[in-house]
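Biologist: Please walk me through this model. Keep the answers brief.

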Amino acid sequence: MPEQPPEQRVKNFKEVPFGYTEELAKIESQRCLFCKKPLCIAGCPVEIDIPGFIKLIAEGDYIGAAKKLKETNSLPAVCGRVCPQEDQCEKVCILSKKYEPVAIGNLERFAADYEREAGEIEIPKIEKSTGKKVAIVGSGPAGLTVAGDLIKMGHQVTVFEALHKAGGVLVYGIPEFRLPKAIVQSEVDYLAKLGVEFKTSYVVGMLQTIDDLFASGYHAIFIGTGAGLPNFMKIPGENLNGIYSANEYLTRSNLMKAYSFPENDTPIFSGKNVAVLGGGNTAMDSVRTALRLGADNAYIVYRRSRTEMPARKDEIHHAEQEGVKFDFLTAPIKFHGTEDGWLKSMECIQMKLGEPDESGRRRPVPVEGSNYIMDVDTVIVAIGNSSNPLVPKTTPGLDINKWGNITADPETGQTSRRGVFAGGDIVTGGATVILAAGAGKKAARAIDAYLKTL
Amino acid sequence: MEKAKPGQFVILRIDEPGERIPMSIADLDKKNGILTIVFQEVGKSTAQLGSLKEGDSLADVVGPLGTPTHIEKYGNCVCVGGGIGIAPIHPVAKALKEVGNQVTSIIGARNKELLIMEEESRASCDNLIISTDDGSYGFHGFVTQVLAGILEKGEKVDFVFSVGPVLMMRALARVTLPYKVRTIISLNPIMVDGTGMCGACRVTVGNQTKFACVDGPDFDAHLVDFEELLKRQRMYLKEEKVAMDNFISKMDQSAHHHQSHKPS
Ligand SMILES: Cc1cc2nc3c(=O)[nH]c(=O)nc-3n(C[C@H](O)[C@H](O)[C@H](O)COP(=O)(O)OP(=O)(O)OC[C@H]3O[C@@H](n4cnc5c(N)ncnc54)[C@H](O)[C@@H]3O)c2cc1C
Ligand SMILES: Cc1cc2nc3c(=O)[nH]c(=O)nc-3n(C[C@H](O)[C@H](O)[C@H](O)COP(=O)(O)OP(=O)(O)OC[C@H]3O[C@@H](n4cnc5c(N)ncnc54)[C@H](O)[C@@H]3O)c2cc1C
Ligand code: SF4
Ligand code: SF4
Ligand code: FES
C-alpha cells in the first residue's frame, strides 16, 4: 500500500499508509480465490465472511462490502488498520503458502473508509424498545461493541467513561499516525446517533459503584475497563524526571495532544536520546512518537531477541525504516540521575537466551559482568499493563484471578455476579482490539438473553 | 459528586486545548449541587481559570478522585493549612470535629492579604490559630513554628493533618517526628488522568512507589521522600514558562484589540 516516505513522516503525526484507491482495491480483491472452504475465516477471531466482503469489493459494491463487515465486526475501519493480520486472517489465507496472502486488512480498511467518506452510513433498524436499561463501564472497543449491539436490539444503553473522551486505548494509546482519532470519533458519533448515551468524565467505583448503578435502575451491567495499570521495572532511579510509563507518554501525546504544545496546554518532555523498554505494539508506538517529537536517537531496548518481539511486523518494519535502533538481549538494571533529579543514563546488562519458560519462549538470563552505560535523557517503560482495581475493589462478590483480571465465561462474559458481564482486556489481560470487540459481541448476545429472563 | 468525602479532589479542564488540572474539594453543598474549589494562580491554567467570569463554564470536571482522608476519633487533632492548603483542610477539620475530636486549626499565609477562609476555618474547628510570615496578622512566623510551640509545651496531640507547600509539609514532618505524632499530609504531585492509569503522580513513600491519585493523596508524612517530590514537581518548569508567556501575550493582545474598538 502506498505510504508516506519515512524521512517525511517522522516529522509529522499524519497517518503513515494512504489507503487503497478504488483501482488498487479492485486489483487486490481480484487476487482472492473466493475459496469454497475459506481458511481465512477461521483465522479471524470474529469470523468475518472474508470472501463475501471481498467479492462485493470486486463487484464495485463498496457500501455493500462495508455492511457485510459490520455484520460481525462493529469497528472495521479500526481493525483494518490495527489488527495483527499477519498472525490471523492473512496468515492462514491459502495464497500465503506460495505467494503473498490477500491483503485482507487493507481491503477491510478500504471498504470501511469508503462508507464513512461517502457519508452513507445508514442508520440500521432498531428493534422496538424493550424498556430495559444497560450500563456499560469503559468505552474501549469492548464497551463500544456491546453498546452498538444492544441499542440495535432495542435496549437503552449508557456508556460510562472515566476520561473526558470516549474510545479507550483507541484514543489515548494508539497514535494518530497509526489510527486517526477522527475515525474513532466517527464510530462514537455513530453510536450516539443510534441513541447510545455517553457519560464521559465518570469514574465508576468513585462516583457510583456497580451496586449503585443497579439501584438506580440499570438491569444489566457490562464491565470493559481494560488493562490500564502501568507496570514499572521496579529498579533504582525509576522516578527520575524523564522516565515515563508508556501510558503517560502516549496519553500526553495523543489524548492531550502535547505534540502541539503550546497550542494545547499539556507539556511533554521530548528528549534527544530516548530509550523505550519493551517489544510490543505499545513500545513501537512510543518509540515512533519520540522520533516525531524530535529525538535524535530512539532505541528499543528489549530483553529477548527479535523473533520473540510481540509487536506487529508492520510496525517493527515501520520503526526500522524511520531510524529506530534495536538493542536486543538487553535489560536495564539501574537509572542514573543528575543532582536536580533528571535522568542522565541507564545502566544495562546483556542477556542470553536460556531454557524455555512458561510462555514457551526462551527465558533471557543476564550475562555476568556485561554491564554498560547508555546515555539517555528519556526512558519510556512499555513492559505491559495490569488491570485497574477500581471496579473489582468496589464491587463485592465480583471474582478476580491472581492477576486481578475479572473472571468471566469466555462464551458469554458472565461474571460471578448476577447481571454483571465483562469482556476485553479486563478479562484477558492486554490483548487486541478485535478480541475485545469479539468479547463484546458475545457479551451483548448473552446480556440480551439475560434481559429476556427478567 | 454526592459521594465526595473530605480529602478527595477533582480534575478539571477549562477548555478543549486545556490541561487536566487537579483541585482539592474545599467545600461541597450537596443539597444545591455546589462544589467549591479554591485555587492560587501559579501558571497558565490557574491564571486562565482566574480570568473566567461568573456564568462561564468549564469543559469538564471529573471526580471525586483519590482515597478520602481517614476520619476517626483520635482525641486531640491539629489541622495545619499553609497558603492555599487552608482550603482543603477545612472539610477535614469539619469531619474530624463531627466524630468527636477536639480540633485545633493552624492556618497561615505570607501576609494578611493572602490569608484565605478565616471565617470558614474558625467555624470548622474548636480553636483557630493564625500566623503570617511577616507578622502582619496573628503569630509572626510559620505555621510549623506554632505547632512546634504546642508540642514543646507538652500539650497532648494525637493526630496532625496538613496541606500546604511541599517545603512546609517537609518542615512539619520534622517537627512532629520526634514526638511520634501520627501525621498525615495531602500530596500534590503532577497528575494526568487521576485514576491510576498513567503513573505521572508517582511518589516514594516508605521506599515504595505509590500512585498519589489512587493510593493517596494522603500519606504518612514521616515516610514521604520529599526531595524526590520537589524535583518531580519541577519537571516542566521550562514548558510552564512558555505557556505562561504565551498566555500573557495573548491577553495583552486581546486587551489591545478591545481598546482599539473603543470609540475615542
Ligand atoms: C499503545 C497501545 C498500542 C496497541 N496497539 C494495538 C494494535 O496495533 N492492534 C491491536 O489489536 N491491539 C493493540 N493494542 C491493544 C488494544 O488496544 C487493547 O487490547 C484494547 O483496546 C482493549 O479494549 P478494551 O475495550 O478491553 O479496553 P480499553 O481500550 O483499555 O478501554 C477501557 C476504557 O475503560 C475506561 N475505564 C477504566 N476504568 C473505568 C472506570 N472505573 N469507570 C469508567 N471508565 C473506566 C478507560 O478509561 C478506557 O477508556 C494496543 C494497546 C496499547 C496500549
Ligand atoms: C491532589 C491535588 C490537589 C490540588 N489542589 C489544589 C487546590 O485546591 N488549589 C490549588 O490552587 N492548587 C491545587 N493543586 C495544584 C494545582 O493542580 C496546580 O497548581 C495547577 O495544576 C497548576 O497549573 P498551572 O498551569 O496554573 O501552572 P503551571 O505553570 O503549569 O505549573 C505550576 C506548578 O504547578 C504544578 N503542576 C503543574 N501541572 C500540574 C498538574 N497537572 N497536576 C498537579 N500539579 C501540577 C507543578 O508543580 C508546577 O511547577 C492540587 C494538586 C493536586 C495534585
Ligand atoms: S477483523 Fe482482523 S482478523 Fe478479522 S478479517 Fe479483519 S483484519 Fe482480519
Ligand atoms: S483464504 Fe485467501 S484466497 Fe481464500 S477466500 Fe480467504 S482471502 Fe480469499
Ligand atoms: S495521575 Fe495518572 S496515575 Fe495518578
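Biologist: What ipTM does the predictor give the complex?
Modeller: This is a predicted model. The predictor gives the complex a pTM of 0.94. The ipTM is 0.93.

Biologist: Which stretch of chain B has a pLDDT below 50?
Modeller: Chain B averages a pLDDT of 92, and 96% of the residues score at least 70. One stretch falls below 50 and has zero contacts in the model beyond near neighbours in sequence. Where pLDDT is low, the predicted coordinates should not be read in detail. The stretch is residues 259–264 of chain B.

Biologist: How many nonpolar residues does the shell around ligand 4 have?
Modeller: The shell includes the cysteines Cys32(A), Cys35(A), Cys40(A) and Cys93(A). Leu33(A), Pro38(A), Pro51(A), Ile94(A), Val102(A) and Ile104(A) also surround ligand 4. Cys and Pro count as nonpolar here, as do Leu, Ile and Val. With no polar and no charged residues, the nonpolar count is 10.

Biologist: How do the residues of the shell around ligand 3 divide by class?
Modeller: There are 13 residues around ligand 3. Those that come nearest are Cys44(A), Cys83(A), Gln88(A), Cys89(A) and Glu108(A). By class, the shell divides into nine nonpolar, three polar and one charged.

Biologist: Which side chain of opposite charge is nearest to Lys181(A)?
Modeller: Lys181(A) sits in helix H11 (residues 181–194) of chain A. Lys181(A) is buried and has no salt bridge. A salt bridge needs the nitrogen and oxygen within 4 Å, and the nearest side chain of opposite charge is 5.0 Å away. That side chain belongs to Glu176(A).

Biologist: Which residues of chain A does Phe211(B) touch?
Modeller: Phe211(B) is part of strand S13 (residues 208–211) of chain B. At 9% relative accessibility, under the 20% limit, Phe211(B) counts as buried. Its contacts in chain B include Gly199(B), Cys201(B) and Arg202(B). In chain A, Phe211(B) touches Leu229(A), Pro230(A) and Phe232(A).

Biologist: How far apart are the C-alpha atoms of Phe211(B) and Gly199(B)?
Modeller: The two residues are 12 residues apart along the chain. They also touch. Their C-alpha atoms are separated by 6.1 Å.

Biologist: How many residues apart in sequence are the parts that Arg417(A) and Asp211(A) tie together?
Modeller: Their side chains meet in a salt bridge, 2.6 Å from N to O. Arg417(A) lies in the loop between helix H16 (390–393) and strand S16 (420–422) of chain A, and Asp211(A) in helix H12 (residues 210–215). Arg417(A) is buried at 17%, whereas Asp211(A) is partly exposed at 30%. The pair ties together parts that are 206 residues apart in sequence.

Biologist: Is Glu411(A) buried or exposed?
Modeller: The side chains of Glu411(A) and Lys442(A) meet in a salt bridge of 3.7 Å, N to O. Glu411(A) lies in the loop between H16 and S16 of chain A, and Lys442(A) in helix H18 (residues 433–452) of chain A, so the pair ties together parts 31 residues apart in sequence. Lys442(A) is partly exposed, at 29%. At 51% relative accessibility, Glu411(A) counts as exposed.

Biologist: What relative accessible area does Arg312(A) have?
Modeller: Arg312(A) pairs with Asp314(A) in a salt bridge of 3.6 Å, N to O. Asp314(A) is partly exposed, at 38%. Arg312(A) is buried, with a relative accessible area of 3%.

Biologist: How many salt bridges does the count come to over all chains?
Modeller: The rule is a nitrogen-to-oxygen limit of 4 Å. Over all chains, the count comes to 40 salt bridges.

Biologist: How far is Gln350(A) from Ala331(A), C-alpha to C-alpha?
Modeller: Gln350(A) lies in strand S11 (residues 343–356) of chain A and is partly exposed at 31%. Its contacts include Phe328(A), Leu329(A), Val365(A) and Tyr372(A). Gln350(A) and Ala331(A) are 19 residues apart in sequence, and their C-alpha distance is 6.5 Å.

Biologist: Which residue just after H13(A) takes a positive phi?
Modeller: Helix H13 (residues 246–255) of chain A is mostly covered, with 10 of its 10 residues buried. Among them are the charged residues Glu248(A) and Arg252(A). Just after the helix, a positive phi of about 55° is taken by Lys257(A).

Conventions. Residues are numbered from 1 along each chain as its sequence is written. Chains are lettered from A and ligands numbered from 1 in the order in which they are written. This is a predicted model: local features need pLDDT of at least 70, side-chain atom pairs count only at pLDDT 80 or more; totals for chains, interfaces and linings use all residues. Side-chain values use heavy atoms; hydrogens and water are left out. A residue is near a molecule or strand if one of its heavy atoms lies within 4 Å of it. pLDDT is the predictor's confidence in each residue, from 0 to 100. Contact means heavy atoms within 4.5 Å. Helices (H or I, at least four residues) and strands (E, at least two) are DSSP runs, numbered from the N terminus. Buried means under 20% relative accessible area, exposed over 50%, partly exposed in between (1.4 Å probe, protein chains only). Lys and Arg count as positive and Asp and Glu as negative; His and the chain ends are not counted. Lists of a residue's contacts leave out its neighbours within four places in sequence.
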